[in-house]
Amino acid sequence: MSISSATPDPDLTVQGAPVPAAHIKTLVLLGASGDLANRLLMPALGKLLDAEPQRRDIVLLGAGAEDWDAPTWHDHLKASLTAAEVSTETIDALLATTSYQRADVTSADDLGRLIAAAAPAPALYFALPPAVTARACDALQHVTLPEGTVLVLEKPFGTDVASAKALNARLSTLVPEERTFRVDHFLGRSTVLNLLGVRFANRIFEPVWNNQHVASVDIVFDEQLTLEGRAVYYDKAGALVDMIQSHLLQVMALVAMNPIGEVSAFDLRESKAEVLRATRVWGGDAATASRRARYVAGDVDGRQVPDYVKEPGVDPARGTDTLAEVTLEIDSWRWAGVPFRLRSGKAVGVARKEVVVTFKDVPHLPVGLTGACEPDQLRLVMGPDAIALDLNINGEDDPMSIDRVSLDTTLSPGRLPAYGEVLAGVLDGDPLLAVRGDTAVECWRIVDSVLDAWRSDRTPMQTYPAGSQGPEGWPV
Ligand SMILES: NC(=O)C1=CN([C@@H]2O[C@H](COP(=O)(O)OP(=O)(O)OC[C@H]3O[C@@H](n4cnc5c(N)ncnc54)[C@H](OP(=O)(O)O)[C@@H]3O)[C@@H](O)[C@H]2O)C=CC1
Ligand SMILES: O=C1O[C@H](COP(=O)(O)O)[C@@H](O)[C@H](O)[C@H]1O
């Protein structure tokens with residue numbers, strides 16, 4: 001008998017329907033001069049307002065360490081929105097009401113001033129380094145938060161089980177769980193959201209979505225991107241923590257969860273949590289259930305890439321992984337015995353970003369049908385978004401020989417970028433796409449076991465040339 005190693009914290013699993021937060025009027029962007037704010041959040045807000053102009057009464061309040069006057073802030077915001085091709089109407093509407101305050105977000109006095117300016121019910125978006133976010137949350141203890149305040153936290157949410165639990169405990173003293181938005185922008189990606197439609201709006205998949213018919217599931221996010229100047233963050237995280245601990249486990253939960261009664265924050269998040277609570281490393285040994293590797297010099301699509309350890313800001317002694325793979329099992333009636341392989345890497349030659357469900361072989365191929373009969377595969381591709389069903393059919397020339405076809409369709413990129421969907425939830429006070437606190441801890445429980453094995457050096461660090469598809473012998 002398998003027993004889930006963690007029991008959900010009752011304080012973090014809000015029972016019943018979520019209590020709607022007041023419709024947010026002011027979005028306070030803490031860390032407004034930072035990369036996330038500039039490259040992703042402000043454009044996403046602009047796109048959301050373009051798609052839903054009725055929201056144009058949203059006021060954006062920027063805050064950060066920079067001593068910016070109003071024209072400097074306006075120029076910064078306008079440049080970010082313009083680069084994202086946000087409409088001039090939206091840009092003008094945002095500029096008409098926005099303001100910026102210089103603030104040390106770890107100071108209760110500064111935070112108090114910001115919140116007073118953002119009343120009645122602000123959303124505080126911590127677009128800050130994680131350590132600064134933790135200190136800002138400590139400082140908020142000394143500030144009276146208006147009823148309905150929403151807190152929005154970026155990944156990484158803690159650095160292990162203990163720190164994630166401590167952060168949850170701190171947050172629970174500030175606002176209720178349903179007003180705490182732990183952002184995982186993959187949950188706003190259109191292909192990921194499409195898992196709901198594909199799985200539950202079709203008759204044909206659910207009956208075969210189990211260990212009777214599925215041989216394995218691969219969730220792969222291999223990028224051509226390298227370090228891209230992010231050593232301060234990435235060198236401490238690595239591929240396992242950067243991608244698998246958060247995004248890929250969330251995607252896995254959506255692939256594996258039981259059907260939900262309604263698309264509500266409670267149903268969806270509880271169903272995902274059930275999966276994650278039942279998840280552990282394949283065979284119970286994290287050292288053999290995982291692989292890790294790091295890129296060395298190579299050529300990615302014509303771009304010369306140095307050894308990872310020679311990238312500026314990298315500490316070679318740290319032993320950071322740039323490609324990680326973990327095979328997991330979900331101890332449930334539905335999934336027992338089905339390997340879920342999660343893999344993500346940087347600096348590969350050909351990007352591969354997809355969920356692949358591989359079905360078992362047919363039990364019997366009629367005598368007389370010839371040729372290779374490969375397993376059926378359903379593939380959901382993340383960017384450019386597509387869905388494909390790879391099947392065996394009768395051959396074109398010899399009708400009794402088997403050929404392979406792919407029934408595929410490209411999907412529109414979605415009405416909004418992933419962060420646009422995330423922000424829509426924040427502004428509506430709907431935590432549907434937010435990661436629940438107990439789930440964040442579960443994800444660390446799964447990944448901590450791998451990190452422990454890696455620290456004991458039982459899983460060798462391999463290398464692969466940048467521009468390749470990973471070390472030799474690894475399945476791609
Ligand atoms: N950038 C990205 O692509 C992504 C980032 N994230 C997450 O988003 C968060 C922010 O990342 P990112 O934008 O890249 O980080 P940056 O370092 O680019 O930005 C952080 C911002 O916080 C400000 N800041 C730091 N300390 C204080 C303080 N005490 N008071 C006020 N402002 C302060 C910085 O100001 P100053 O520079 O003046 O010190 C800067 O504007 C992180 O948790 C990251 O993991 C998540 C997904 C993608
Ligand atoms: O959160 C992260 O995600 C990106 C990949 O997501 P995308 O939406 O930008 O494609 C990844 O490159 C980055 O390392 C990671 O921190």
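This is a predicted model: local features need pLDDT of at least 70, side-chain atom pairs count only at pLDDT 80 or more; totals for chains, interfaces and linings use all residues.
Me: What does UniProt list for residues 28-194?
Reply: The UniProt record, an unreviewed entry, gives "domain: Glucose-6-phosphate dehydrogenase NAD-binding" for residues 28-194. In the model that span is 48% helix and 15% strand. Its end C-alpha atoms lie 30 Å apart.

Me: And which feature does UniProt place at residues 198-472?
Reply: Again from an unreviewed entry, UniProt has "domain: Glucose-6-phosphate dehydrogenase C-terminal" there. Residues 198-472 are 26% helix and 27% strand. The end C-alpha atoms of this span are 34 Å apart.

Me: Now the sheet. How do I read an open sheet of six strands, and what is the order?
Reply: The general idea comes first. Strands of a sheet pair through backbone hydrogen bonds, and the pairing is either parallel or antiparallel. Here the order is S3-S2-S1-S4-S5-S6, with parallel pairing. Strand S3 (99-102) and strand S6 (180-182) are the edge strands, and each pairs on one side only. From one strand to the next, the twist averages 20°.

Me: How many bridges link S5 to S6?
Reply: Three. Strand S5 (residues 150-153) pairs with S6 in the parallel sense over those three bridges. Look at Val152: Phe181 in S6 stands opposite.

Me: And how many bridges link S4 to S5?
Reply: Four. Strand S4 (residues 122-126) and S5 also pair in the parallel sense. Here Tyr125 stands opposite Val152 in S5.

Me: Which way do the side chains of S5 point?
Reply: In a regular strand the side chains alternate between the two faces of the sheet. In S5, Val150 and Val152 point one way. Leu151 and Leu153 point the other way. All four are buried.

Me: Is Thr26 buried or exposed?
Reply: Count C-beta neighbours inside 10 Å. A residue with 20 or more is buried; one with 12 or fewer is exposed. Thr26 is found in strand S1 (residues 26-30). Thr26 has 21 such neighbours, so Thr26 counts as buried. In sequence, Thr26 and Asp222 are 196 residues apart, and their C-alpha atoms are separated by 37 Å.

Me: And Pro53, buried or exposed?
Reply: Pro53 sits in the loop between helix H1 (35-51) and strand S2 (59-64). Pro53 counts as exposed because it has 12 C-beta neighbours inside 10 Å. From Pro53 to Ala201 is 148 residues in sequence and 30 Å in space, C-alpha to C-alpha.

Me: Which residues are closest to ligand 1?
Reply: Gly31, Gly34, Asp35, Leu36 and Ala65 are the closest of 21 surrounding residues. H1 and helix H5 (130-140) are the elements that give two or more residues to this shell. H1 gives the most, three residues. By type, the shell divides into 11 nonpolar, five polar and five charged.

Me: Which residues surround ligand 2?
Reply: Glu223, Leu225, Asp242 and Ala418. That shell has two nonpolar, no polar and two charged residues.

Me: Next, the backbone. Where are cis peptide bonds found?
Reply: Read omega. The bond from Ala119 to Pro120 is cis, with omega near 10°. Pro120 lies in the loop between helix H4 (108-118) and S4. Another cis bond joins Lys155 and Pro156, where omega is about -5°. Pro156 is in the loop between S5 and helix H6 (161-172).

Me: Which residues other than glycine have a positive phi?
Reply: Among them are Ala347, with phi near 65°, and Asp457, also with phi near 65°. Ala347 is in the loop between strand S13 (340-345) and strand S14 (352-359). Asp457 lies in the loop between helix H11 (437-455) and strand S18 (461-465).

Me: Are Ala347 and Asp457 buried or exposed?
Reply: Count again. Ala347 has 28 C-beta neighbours inside 10 Å, so Ala347 counts as buried. Asp457 is exposed, because 10 other C-beta atoms lie within 10 Å.

Methods. Residues are numbered from 1 along each chain as its sequence is written. Chains are lettered from A and ligands numbered from 1 in the order in which they are written. A residue is near a molecule or strand if its C-beta atom, placed from the backbone, lies within 6 Å of it. Ala, Val, Leu, Ile, Met, Phe, Trp, Tyr, Cys and Pro count as nonpolar, Asp, Glu, Lys and Arg as charged, and the others, Gly among them, as polar. Two strands pair if DSSP finds at least two bridges between them. Axes are lines fitted to C-alpha atoms, for helices over the stretch in contact, and angles run from 0 to 180 degrees between N-to-C directions. UniProt positions are given in the numbering used here, feature names are shortened, and annotations may be inferred rather than shown by experiment.
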